[in-house]
Amino acid sequence: GGMKFDPSNPPYIPGGFPTLDRRTVSMAATHCLPPAPLGEGGCAREPHYNVHNLYGLSEAIATRKAVDKIIGSRSLIIARSTYPGSGQVSGAWLGDTASSWGDLRLSVAGTLSMGILGVPMVGADICGFAGNTTRELCVRWHQLGSLYPFSRNHNELYGVPQEPYAFDAEALAIIRRALLTRYSLVSYLYSLAHQAHADGTPIWRPLLMEFGGELGEVAGLDEQFMLGPCILVSPVLREGRTSVR
């Protein structure tokens, strides 16, 4: 016989942690998964190792059922722990994004990736969540973030204020213009959201989805994207820049 599998110490452990169950439930713990007629209580005993990443999806499904029963109409549920296909029951945000130009850029790839994985209603915290933003960064982030499917300005308790009105009149006017652009596209965004609901097509799309015939030229472009099939977005994502190429 070979070595016995230890769910807390698999061959690969991400993040450099000593064991996989650090800061979470033991990977060897078991869950009762009905309705399989096996094990104790008429259910299958499944190791936590096999279902850990499904917790966020399971939580969203339960929340959706409860909210729909209580409210009886459409509602918005935003989750942080997700799984491919979670978009059927909830949206998501990209977590504790840092107030940095690097994370501004990464939010493009993050939003595109989540859409492809079945979570189309997604976005990052505009201006960043952790740390202090700057005037220029926050203005640029609003220009991009006004087009996130899920668009909100959000930061930590002790960060500097980053509401649009916290800046000077010029910055406020630029941000207002970006937000009004979003409102001018509401009907288009609503149509894209309906398509995502109907067949899973993302709201934000990598260029290769719309220009697959030019794969060699567009496959490596991760700082531009399509908002649906009609609008190409090429945001300013670097400090001190006034144009993009």
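**Reading a predicted model together**

Colleague: Why does threonine 111 count as buried?

Modeller: Threonine 111 has a relative accessibility of 1%. Buried means under 20%, so at 1% threonine 111 counts as buried. Please keep in mind that this is a predicted model.

Colleague: Where is threonine 111 found, and with which residues is it in contact?

Modeller: Threonine 111 is found in helix H3. Neighbours within four places in sequence aside, its contacts are Leu94, Val122, Gly123, Tyr148, Pro149 and Trp204.

Colleague: What makes phenylalanine 167 buried or exposed?

Modeller: The value for phenylalanine 167 is a relative accessible area of 18%. The limit for buried is under 20%, so phenylalanine 167 is buried. Its place is in the loop between strand S7 (152-153) and H5.

Colleague: Which residues is phenylalanine 167 in contact with?

Modeller: Once its neighbours within four places in sequence are left aside, phenylalanine 167 is in contact with Thr133, Thr134, Arg135, Cys138, Pro161 and Gln162. Take cysteine 138: 29 residues separate it from phenylalanine 167 in sequence, and the C-alpha atoms are 9.4 Å apart in space.

Colleague: Why is phenylalanine 17 called partly exposed?

Modeller: Phenylalanine 17 has 37% relative accessibility. Buried is under 20% and exposed is over 50%, with partly exposed in between, so phenylalanine 17 at 37% counts as partly exposed. You will find phenylalanine 17 in the segment before strand S1 (30-33).

Colleague: How many residues of the protein chain count as buried?

Modeller: The protein chain has 245 residues, and 37% of them count as buried. Its secondary structure comprises eight helices and ten strands. The C-alpha atoms fill a box of roughly 65 × 45 × 40 Å along the principal axes.

Colleague: What makes a set of residues a nonpolar core, and which members touch the most others here?

Modeller: The members must be buried residues of nonpolar kinds such as Leu and Trp, joined through side-chain atoms within 4.5 Å. The largest such core has 29 residues, and Leu144, Trp204 and Leu227 touch the most other members. Helix H3 (101-116), helix H4 (135-145), helix H5 (169-184), H6 and strand S9 (225-227) each give two or more residues to this core. H4 gives the most, five residues.

Colleague: Which residues is tryptophan 204 in contact with?

Modeller: Beyond its neighbours within four places in sequence, tryptophan 204 has contacts that include Ser107, Thr111, Leu144, Tyr148, Phe225 and Leu227.

Colleague: How do you know that S9 and S10 pair?

Modeller: Two strands pair if there are at least two bridges between them. S9 and S10 have three bridges, in the antiparallel sense, so they count as a pair. Within that pairing, leucine 227 stands opposite isoleucine 231 in S10. The sheet is open and has three strands in the order S8-S9-S10, with antiparallel pairing. Strand S8 (204-205) and strand S10 (231-233) are its edge strands, each pairing on one side only.

Colleague: What makes S4 and S5 a pair?

Modeller: Strand S4 (residues 91-93) is joined to S5 by two bridges, and they run parallel. At least two bridges are needed, so S4 and S5 meet the limit. Alanine 92 has valine 122 in S5 as its bridge partner. This open sheet has three strands in the order S3-S4-S5, paired in parallel.

Colleague: Why are S3 and S5 at the edges?

Modeller: Strand S3 (78-79) and strand S5 (122-123) each have a single partner strand, so one side of each is left without a neighbour in the sheet.

Colleague: How do you know where empty space is left?

Modeller: Rolling a probe the size of a water molecule over the atoms shows it. The largest pocket has a volume of about 1000 Å³. Its lining has 31 residues, and Leu76, Met121, Ala193, His194 and His197 lie nearest its centre. Helix H2 (55-71) and helix H6 (186-199) are the elements that give two or more residues to this lining, and H6 has the largest share, nine residues.

Colleague: What classes of residue line the largest pocket?

Modeller: Its lining has 14 nonpolar, twelve polar and five charged residues. The second largest pocket holds about 240 Å³, and its lining divides into five nonpolar, three polar and five charged residues.

Notes:
Residues numbered from 1 in each chain as written. Predicted model: local features only at pLDDT ≥ 70, side-chain atom pairs only at ≥ 80, totals over all residues. Heavy atoms only, no water. 1 Å grid on protein atoms, 1.4 Å probe; cavity = no way out; pocket = protein on both sides within 12 Å on 5 of 7 lines; lining within 4 Å. Points joined across faces, edges and corners; volume = space filled by probe spheres on them. Helix = DSSP H or I, 4+ residues; strand = E, 2+ residues; numbered from the N terminus. Nonpolar A, V, L, I, M, F, W, Y, C, P; charged D, E, K, R; others polar. Buried < 20%, exposed > 50% of the residue type's maximum accessible area, 1.4 Å probe, protein only. Contact = heavy atoms within 4.5 Å.
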